[in-house]
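Look at the structure first, then read on.

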Amino acid sequence: MIKNLKIFWLFATYSMKTTLQNKVGLVLFTLGKLIRFGTFFFFVFYLLSNTELLAGYTLNQTIVFFLTYNIVDSLAQLLFREVYRFRFLVVSGDLNTVLVKPYHPFMRILVGGIDIMDAFISVIYMILVTYFIFQLPGISWINILMYLLMIVNGLLIAAGFHIAVLALGVLTTEVDHTVMIYRDMTRLATFPVDIYKQPLQFIFTFIIPIGIMMTFPVKSLLNLLSPTIYAICFTLSITAFISSIKLWDYALKRYQSWGG
């Protein structure tokens with residue numbers, strides 16, 4: 001574990017140095033993200049200030065849902081940004097040089113490209129969500145602990161999605177469209193999945209588990225989940241992660257070195 005952490009820190013350092021070389025682009029990209037977030041935040045605030053409730057949730061609760069979605073989404077991009085660059089390794093044959101290294105390839109192709117821009121944005125989201133959480137009545141430290149645990153559970157599902165994308169990239173050399181499909185699906189959980197009617201609500205919760213990723217952390221904070229639901233969530237996330245590992249193993253056995 002210590003060796004892997006050192007390798008992870010080495011890749012993260014190189015990635016941050018590469019990003020910081022283009023300071024103007026870094027500032028503009030971060031500014032663009034902040035403007036997009038601010039615009040959507042204002043939309044949420046304006047919408048709920050008039051309607052007062054969204055699917056039974058108050059303004060502050062809905063804002064916590066929205067901020068939690070942004071936290072999980074930005075942390076997934078922060079940790080798994082290297083997946084977006086994976087296709088070039090496959091089509092160029094450079095994946096060969098990764099596979100022969102004396103460490104697990106996921107250290108390079110999954111978490112080997114920390115995005116410092118998402119790190120900065122994530123800190124802003126965390127500060128805001130902390131403020132609004134403490135505006136909610138009746139929140140205990142147990143609720144906060146379960147909230148954090150469910151966020152980790154959501155990131156485990158996100159890791160499974162990204163590993164599956166890597167596997168499909170090996171099998172088909174296609175990554176970009178698969179990642180965009182994942183991003184589009186997660187945007188459906190910008191607001192709590194309770195806004196959807198059945199059976200869509202069930203599908204977006206347990207079949208395509210974006211509800212577990214984005215909505216259930218806040219539901220655990222509000223003490224709206226039963227022990228059975230917790231067990232289902234953890235079982236589903238572990239199953240999804242293990243299944244993605246199996247898919248990666250299957251894809252790797254069929255890897256034929258696409259490069260020239």
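## The model and its core

This model is predicted. Its largest nonpolar core has 71 residues. Phe 86, Leu 95, Ile 109 and Trp 248 have the most contacts inside this core. In soluble globular proteins, nonpolar side chains tend to be buried together.

## H3 against H9

Helix H3 covers residues 59–80, and helix H9 covers residues 176–187. The two pack at an angle of about 165°, with their axes 11 Å apart. Angles over 145 degrees count as roughly antiparallel, so H3 is roughly antiparallel to H9. Their crossing is right-handed.

Which residues make the contact? H3 supplies Tyr 69, Asp 73, Ala 76 and Gln 77. H9 supplies Tyr 182, Arg 183, Thr 186 and Arg 187. By class, the contact of H3 with H9 has three nonpolar, two polar and three charged residues.

## H3 against H8

H3 also meets helix H8, which spans residues 141–172. The axes of H3 and H8 come within 10 Å and cross at roughly 45°. That angle makes H3 oblique to H8. The crossing of H3 with H8 is right-handed.

On the H3 side, the contact uses Thr 68, Ile 71, Val 72, Leu 75, Ala 76 and Phe 80. On the H8 side, it uses Tyr 147, Ile 151, Leu 155, Ala 158, Ala 159 and His 162. How many residues of each class are in the contact of H3 with H8? There are 10 nonpolar, two polar and no charged residues. Ala 76 of H3 is part of the contact with H9 and of the contact with H8.

## H11 against H12

Helix H11 runs over residues 210–221, and helix H12 over residues 227–253. Their axes come within 12 Å and cross at roughly 150°. That makes H11 roughly antiparallel to H12. Is the crossing of H11 and H12 left-handed or right-handed? The crossing is left-handed.

Ile 212, Phe 216 and Ser 220 of H11 meet Ile 229, Tyr 230, Cys 233 and Leu 236 of H12. The contact of H11 with H12 has six nonpolar residues, one polar residue and no charged residues.

Methods: Residues numbered from 1 in each chain as written. Predicted model: local features only at pLDDT ≥ 70, side-chain atom pairs only at ≥ 80, totals over all residues. Heavy atoms only, no water. Core = buried A, V, L, I, M, F, W, Y, C linked by side-chain atoms within 4.5 Å. Buried < 20%, exposed > 50% of the residue type's maximum accessible area, 1.4 Å probe, protein only. Axes fitted to C-alpha atoms, helices over the stretch in contact; angles between N-to-C directions. Helix = DSSP H or I, 4+ residues; strand = E, 2+ residues; numbered from the N terminus. Parallel < 35°, antiparallel > 145°, perpendicular 65-115°, else oblique. Left-handed = near helix turned anticlockwise from the far one by under 90°. Contact = heavy atoms within 4.5 Å. Nonpolar A, V, L, I, M, F, W, Y, C, P; charged D, E, K, R; others polar.
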